[in-house]
Amino acid sequence: MPSLSTELTRRLGIRHPVVQGGMHHVGLAPLAGAVSRAGALGIITALSLRSPELLRDEIGKARSIAGADAPVGVNLTLLPTLVPPNYQAYADVCVEERVPVIETAGHIQGLEPFVRLFKSKGAVIVHKCTQVRHARSAAKLGVDMISIDGFECAGHPGEADVGNWVLAPQAARELDVPFIVSGGVATGSQLAAALALGACGVNMGTRFMATTEAPIHDNVKRAIVQGGADSTVLVMRTMRNTTWSRARCTERCSRRRATWSGASGAPASAWPSSTTSCPCRSSSRGWWPRPWRSSPRSWRGWW
Ligand SMILES: Cc1cc2nc3c(=O)[nH]c(=O)nc-3n(C[C@H](O)[C@H](O)[C@H](O)COP(=O)(O)O)c2cc1C
């Protein structure tokens, strides 16, 4: 297959300008290894492994799938939590294992020591954020590349709601470091558009969930593939911790949509649009659809 040479492929030593972004509980060795073996960059999500030692094992497994010449990256997401994970221990494993590409994400507070650590070992740092001003701050800290997450992105799109058509040209104008476009990308034409907007590649998440290697239930994969443009909902917006969920409610919500009368007796036509919170979350049964994994046990910890 012919490959495109961009700043991303050259810096990362990959054949295709495509990154599989970190995905909690999804970005594990089988997926990351397969993506890297195919010539893009596969990324293991560090915090999905319950301990740093398990991360080490996962890196080994991904490498054995990817092959000796294909780099495998690790995502380190810095989250504001009451009981923070031992980020340092996870970072140390990345350094000891000589992980060549680190995708950082989440809060910029606390990022600096990790940037210094990874840079001192020669790793390429791709920092993911949702606004260009955050990207500028990360670039000042010394990250090598930005993955700019438009409002289209799954995971946490932030609260600014700026889509990639606006965000990418702004990034091209205002950033001194190379950037890739993240969010809503699934096709070659979208990759071409990202390159035309000044990016050196794309980051994809949801598209990689619909693969054989993604450890999620087939029904979820089917829902993603069959979902339409309006099959995405936002959750946790009211908590200013917005999360996209693709095809999240597809089946049950479409059944409910037919009969929904809303909490206050609103007509079915008042069903929230795809850019408002899903009413399912206010279900009297407390039902929150969590489709990423097949069993309720493995859903634990997702939120
Ligand atoms: C199930 C899922 C879990 C995710 N978990 C993380 C995460 O832990 N850390 C992170 O930085 N990004 C996470 N993301 C965001 C992805 O890395 C990527 O930026 C996003 O999916 C790109 O948008 P797309 O899904 O429209 O391609 C997650 C995305 C999905 C779909």
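Two strands pair if DSSP finds at least two bridges between them. With that in hand, take β4 and β5 in this predicted model: they pair in the parallel sense over five bridges, and Glu-103 stands opposite Val-126 in β5. These two strands belong to an open, parallel sheet of eight strands.

- Reading across the open sheet, the strand order is β1-β8-β7-β6-β5-β4-β3-β2, with parallel pairing.
- The edges are β1 (18–20) and β2 (42–45), each of which pairs on one side only.
- On average, neighbouring strands of the sheet are turned by 30° against each other, direction ignored.
- β4 covers residues 101–106 and β5 covers residues 124–129.
- Over at the β2 end, β2 and β3 are joined by four bridges in the parallel sense, and Gly-42 sits opposite Val-72 in β3.
- Helix α7 (residues 164–174) lies across β6 (145–149) and β7 (179–182), and runs at about 175° to β7.

- How many of the seven residues of β3 are buried? Seven of the seven are, so the strand is largely enclosed by the rest of the structure.
- In a regular strand, side chains alternate between the two faces of the sheet.
- For β3 both faces are covered: Val-72, Val-74, Leu-76 and Leu-78 are buried on one side, and Gly-73, Asn-75 and Thr-77 are buried on the other.
- Beyond its sequence neighbours up to four places away, Leu-76 touches Ala-46, Tyr-87, Tyr-90, Ala-91, Glu-103, Thr-104, Ala-105, Phe-114 and Phe-118.

**Nonpolar cores**

- In soluble globular proteins, nonpolar side chains tend to be buried together.
- Here the largest nonpolar core has 60 residues, and those with the most contacts inside it are Ile-44, Leu-55, Val-74, Leu-76, Phe-118, Ile-146 and Phe-179.
- Helix α4 (residues 87–96) gives the most to this core, with five residues.
- A second, separate core has twelve residues, including Ile-14, Leu-41, Val-101 and Val-126.
- Leaving out residues up to four places away in sequence, Ile-146 touches Val-126, His-127, Cys-129, Ala-135, Ala-138, Leu-175, Val-177, Pro-178, Phe-179 and Ile-180.

- Where does Asp-144 sit? Look in the loop between α6 and β6.
- Asp-144 is buried, with a relative accessible area of 11%.
- Its side chain makes a polar contact with the side chain of Arg-11 (3.3 Å), and the Asp-144 side chain also reaches the backbone nitrogen of Ile-125 at 2.8 Å.
- Apart from residues up to four places away in sequence, Asp-144 touches Arg-11, Lys-119, Ala-123, Val-124, Ile-125, Val-177 and Pro-178.
- Gln-131 lies in the loop between β5 and α6 (132–141).
- Is Gln-131 buried or exposed? At 19% relative accessibility, Gln-131 counts as buried, because the cut-off is under 20%.
- The side chains of Gln-131 and Arg-133 make a polar contact at 3.1 Å.
- Gln-131 also touches Ile-148, Ala-160 and Leu-167, again not counting residues up to four places away in sequence.

**Strand β9**

- Leu-234 belongs to strand β9 (residues 232–235).
- Leu-234 is buried, with a relative accessible area of 0%.
- The C-alpha atoms of Leu-234 and Ala-154 are separated by 9.4 Å, although the two are 80 residues apart along the chain.

**Around the ligand**

- There are 24 residues around the ligand, and Gly-22, Lys-128, Gly-184, Gly-205 and Thr-206 come nearest.
- A backbone N or O atom of Gly-205 lies 2.8 Å from a ligand oxygen atom.
- A polar backbone atom of His-24 is 2.9 Å from a nitrogen atom of the ligand.
- For Ser-182, an N or O atom in the side chain is 3.4 Å from an oxygen atom of the ligand.

Conventions: Residues are numbered from 1 along each chain as its sequence is written. This is a predicted model: local features need pLDDT of at least 70, side-chain atom pairs count only at pLDDT 80 or more; totals for chains, interfaces and linings use all residues. Side-chain values use heavy atoms; hydrogens and water are left out. A nonpolar core is a set of buried Ala, Val, Leu, Ile, Met, Phe, Trp, Tyr and Cys residues joined through side-chain atoms within 4.5 Å. Buried means under 20% relative accessible area, exposed over 50%, partly exposed in between (1.4 Å probe, protein chains only). Contact means heavy atoms within 4.5 Å. Axes are lines fitted to C-alpha atoms, for helices over the stretch in contact, and angles run from 0 to 180 degrees between N-to-C directions. A residue is near a molecule or strand if one of its heavy atoms lies within 4 Å of it. A polar contact is a pair of N or O atoms within 3.5 Å; within protein, one must be able to donate a hydrogen and the other to accept it, and residues adjacent in sequence count only if both atoms are side-chain atoms.
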